[in-house]
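Subject: Structure handover

Hello,

I am passing this structure on to you, with notes on what was found in it. Please keep it open while you read.

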Amino acid sequence: RSVVAGPSQEEVRRQNLGALLCHVHRQGPTTRAELTARLGLNRSTIGALTADLVAAGLVTEEAPRETGRAGRPSLVVTPRSDMVYAYALTIEVDRLRAARVGLGGVVLDQREAPREPDRSVADVLPRLVAFVAEMGAKAPPAARCIGTGVAVCGRVRTAGGAADPTVGLGVGWLTEPVRAALAPVLPAGCPVTLGAVADLAALAESARGVAVGCQNVIYLYGDLGIAAGIVAGGRRVSGYGGTAGEVGHMVVRPDGRRCGCGSRGCWETEVGERALLTAAGRAHADGRAAVREVVDAAVRGDATAQTAVRQVADWLGFGVGNLINIFNPEMVIFGDALRDIFLAAAAPLRSRLNAVGLTGNLAHVRLRTPALGDDAVLIGAAELAFERLLADPLG
């Protein structure tokens, strides 16, 4: 019989270093005693690991200011947010954002600009490159950039307010153009990694937001269409070429409206931005501000707006029920425009959901809004950039 060799001491050490750094990155300053208890390692091992991370310039150790207890206090391990950072960039339907984020999730610098209609990803890259150059110039000379995470929305708003009919392109084909554009303003050897906006929002909420501790999560991101970031068994489900999560093109009404993808009755034709605004008699409007105006009008008692919101919420519950039947998540998060609809019409949504969903799956699922709000995508891009460092801190 063949004998499978266990991990080497070096592999175990690398895993422990990553676990320790990941803990202080996501939980903040933590004492050695707390790390010993939470990571299940002995005190001498924790001491050796933190010494390695201190020597690498990734964390600091210092005594707490006051403990109120007798005896020698446990040293506090703190991530070097000021000296170790990543860039987080987002290319969303209607805006561009960039941030310099320190280890520990601290936003050190931030920029934002509107994304004009009909502007492709290639068209907006110069603005993002300029943002990175500006933020890099303000960073301390000795600080280290360890990566750049880019959240990409493949959709483009046309001048008429509709969605570009091109869907399902994913992010794989954009990787090299984005890397090439950013290369002149990034330090040598600084990796650039791309992800879909919904995927990275799901990553952020799982790491730092409302879904901490959940292994199975669906994050629904609603703008011109509907996309989902799916976490199953603690791992992101991205599919071949990174194109998984196009739940907006799940057909829910075969005789329904024609979708931009060429099909008919896609879910997003019933719950997307355009569906809500049209039902509310505001087909000429577009954007997240217009959606919020309809929701606000519904809350104030406007009958037309209330009917539109309830109609969209009913179809939203229908689709979510099907997703719950398929993935059996612990939590479903309603992000971006869907957050406002969920909060304004939770009752009709839950009513339809209860009619569609399997009882066993509904028993444990929680419906939530993002704890990180609109920043979930930006924070998710930063987490993507930090992943390689957290997996192998000294590599």
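**Strand β9 and its sheet**

From β9, V217, Y219 and Y221 point one way, while I218, L220 and G222 point the other way, and all of them are buried. Buried means under 20% relative accessible area, exposed means over 50%, and partly exposed lies in between, with a 1.4 Å probe and protein chains only. In a regular strand, side chains alternate between the two faces of the sheet. Strand β9 covers residues 217-222, and six of its six residues are buried. Strands (E, at least two residues) and helices (H or I, at least four residues) are DSSP runs, numbered from the N terminus.

Before going on, a word on the source. This is a predicted model, in which local features need pLDDT of at least 70 and side-chain atom pairs count only at pLDDT 80 or more, while totals for chains, interfaces and linings use all residues. Residues are numbered from 1 along each chain as its sequence is written, and side-chain values use heavy atoms, with hydrogens and water left out.

Which strands does β9 pair with? Two strands pair if DSSP finds at least two bridges between them. Strand β10 (residues 226-232) runs antiparallel to β9, and six bridges join them. I218 stands opposite I230 in β10. With β12, β9 pairs in the parallel sense, over six bridges. There, I333 in β12 is the bridge partner of Y219.

Strand β12 (residues 331-336) is in turn joined to β13 by three bridges, and these two run parallel. M331 stands opposite R366 in β13.

Put together, five strands form an open sheet with mixed pairing, in the order β11-β10-β9-β12-β13. The edges are β11 (235-237) and β13 (366-368); each has a single partner strand, so one side of each is left without a neighbour in the sheet. On average, neighbouring strands of this sheet are turned by 20° against each other, direction ignored.

**The β5-β6 hairpin**

Another pair is β5 and β6 (residues 106-114), which run antiparallel and are joined by eight bridges. R95 stands opposite P114 in β6. The two strands form a hairpin with three residues between them, and G104 in the turn has a positive phi of about 105°.

**Salt bridges**

How many salt bridges are there? A salt bridge is counted when a side-chain nitrogen of Lys or Arg is within 4 Å of a carboxyl oxygen of Asp or Glu. By this rule the count is 24. Three of them are described here.

R13 and D52 meet through their side chains at 3.1 Å, N to O. This pair links distant parts of the chain: R13 is in helix α1 (residues 9-27) and D52 in helix α3 (residues 43-55), 39 residues apart. R13 is partly exposed at 29% relative accessibility, and D52 is partly exposed at 25%.

The side chains of D82 and R80 form a salt bridge at 3.3 Å, N to O. D82 is partly exposed at 42%, and R80 is partly exposed at 22%.

The side chains of E92 and R288 meet at 3.9 Å, N to O. E92 lies in the loop between β4 (84-91) and β5 (95-102), and R288 in helix α9 (residues 288-300), so the pair ties together parts that are 196 residues apart in sequence. E92 is buried, with a relative accessible area of 1%, and R288 is buried as well, at 16%. Salt bridges that share partners join E92, D94, R95, R97, E112, R288, D336 and D375 into one network.

**Helices α6 and α14**

Helix α6 (residues 197-208) packs against helix α14 (residues 376-391) at an angle of about 80°, with the axes 7 Å apart. Axes are lines fitted to C-alpha atoms, for helices over the stretch in contact, and angles run from 0 to 180 degrees between N-to-C directions. The two helices, α6 and α14, are therefore roughly perpendicular, a term that covers 65 to 115 degrees.

Residues in α6, including V197, L200 and L203, meet residues in α14, among them V377, I379 and L384. Contact here means heavy atoms within 4.5 Å.

Regards

Technical notes. Parallel < 35°, antiparallel > 145°, perpendicular 65-115°, else oblique.
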